Amino acid sequence: MGKILIIGGGAMGSAFSIPCLENNNLVTITEPYNKIFIKNLNSKKKFHPSLKLYLPKKLKFVNYSKEIFKKRFDLIVIALSLAGIDFIGKELKDLNVKTPLLVLTKGLKFDKKKKRILTISDLLKNNYRAANVSVLKGPCLAKELANKNKTSVVVANKNIKIAKWIGKLISTKYYLTEFSKDIIGIEICSAIKNIYAMVIGSGQNLNAKSDLFQKSANEMKFLIKYFKGDVSTILGLAGIGDLYVSAIGGRNSKMGNFLGKGFRFTAAKKKFMPKDTVEGEQLAREIAPYILKKINKKKIPLMYHLLKTIIYDRKINFLKN
Ligand SMILES: NC(=O)c1ccc[n+]([C@@H]2O[C@H](COP(=O)([O-])OP(=O)(O)OC[C@H]3O[C@@H](n4cnc5c(N)ncnc54)[C@H](O)[C@@H]3O)[C@@H](O)[C@H]2O)c1
């Protein structure tokens, strides 16, 4: 049993609280940004609007403030979207928080000054002096986890003992954890799968999708190696595991489907998905300046084409670059 603080009361942060509570941890959740989540988590019934269920009564909500970090926690879980990472990194640095961190957020950042791609754990370590960062990734739809459907994820830390300690703290009969030392490969995979889910979603029949799936997995393997991860990670939960779930459902593959039907990104977004965050689009804009300049397009033709489709708002056509 431990004391866990979850930062981020969105779908994933809230769903994650369920196995943590079931494993007899004392779990506190806080939400720094979204007023609707704050209102719901702070209410008696704790109905979560995206998960469409009542969260356990044992889940403790506290309003976000710097005071939270004065309390002692065994683990701080970051479940914000990528847009919130610099904010929380700065807070943790300013307050000199040394508690072990577990990052659920998926994504990558482009460091404009040093012109390099950073994983979230690198960003927290390099820019915000975080000392003990683990990541948890894999195929996990928040709603399915919240409904206690069997879910397998991978916890990564170069120090495997820390990953296993976290696994012990959070896993249940339905929330199963695997472990890895390949923190880079796992973070790269779990971010770029959102772009490849759009690629696969653009296929207009199963034969086409399967072809794009196989080619996407190959490109992901190339990118893991390029960023100095372990290529075998492509076969794991954060690799093809997460690619599968993202490709058959979710907002990225839905957008990919509209792109495949001939819509440009901005038109499809406005017409069909005006309120949805398409994480693959955000990531595409973030990493395009690096990828299009530094990596040989023959090695990753699908990624190359999708990035150009998004940033220049073009029609998709994988036969043309
Ligand atoms: N590791 C996993 O198993 C797993 C599974 C699903 C999703 N995720 C990832 O978790 C993250 C959150 O996903 P979600 O489904 O909960 O999304 P959500 O939209 O339901 O919640 C987003 C969260 O980020 C916060 N946020 C958004 N913009 C912010 C900003 N500018 N500053 C500060 N906070 C901000 C919101 O307030 C909220 O807490 C995403 O990166 C997603 O890819 C991880």
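The legends below describe close-up views of aromatic contacts, pockets and a cavity in a predicted model.

Local features require pLDDT of at least 70 and side-chain atom pairs count only at pLDDT 80 or more, whereas totals for chains, interfaces and linings use all residues. Residues are numbered from 1 along each chain as its sequence is written, and side-chain values use heavy atoms, with hydrogens and water left out.

**View 1. The aromatic pair Phe16 and Tyr175.** The whole structure contains 11 aromatic pairs (rings of Phe, Tyr and Trp, the last by its six-membered ring, with centres within 6.5 Å; planes under 30 degrees apart are stacked, over 60 edge-to-face, the rest tilted). Phe16 and Tyr175 pair edge-to-face, at 6.0 Å centre to centre and 80° between the planes. Because Phe16 belongs to helix 1 (residues 11–22) and Tyr175 to strand 12 (residues 175–180), the pair ties together parts 159 residues apart in sequence. Helices (H or I, at least four residues) and strands (E, at least two) are DSSP runs, numbered from the N terminus. Phe16 and Tyr175 are both buried (under 20% relative accessible area, 1.4 Å probe, protein chains only).

**View 2. The largest pocket.** A pocket is an open set of points on a 1 Å grid over the protein atoms alone, with protein on both sides within 12 Å along at least five of seven lines; lining residues have an atom within 4 Å of a point. The largest pocket holds about 1600 Å³ of space, a volume being the space filled by probe spheres set on the points, which are joined across faces, edges and corners. Its lining comprises 49 residues, with Ala11, Met12, Ser81, Arg251 and Glu279 nearest the centre. Domain 1 (3–181) and domain 2 (192–311) each contribute at least three lining residues; the domain bounds come from an automatic or database assignment.

**View 3. The second largest pocket.** About 260 Å³ of space lies here, lined by 13 residues, of which Phe110, Asp111, Lys112, Lys113 and Asn127 are nearest the centre of the second largest pocket. Strand 8 (108–111), helix 4 (120–128) and helix 12 each provide at least two residues of this lining. Phe110 also belongs to an aromatic cluster with Phe222, Tyr226, Phe227 and Tyr290.

**View 4. The largest cavity.** The structure holds 1 cavity of 30 Å³ or more, a cavity being a set of grid points where a 1.4 Å probe fits but cannot get out. Among the residues lining the largest cavity are Ser81, Lys106, Asn194 and Glu279. Helix 12 gives the most to this lining, with 3 residues.

Terms used:
Buried means under 20% relative accessible area, exposed over 50%, partly exposed in between (1.4 Å probe, protein chains only).
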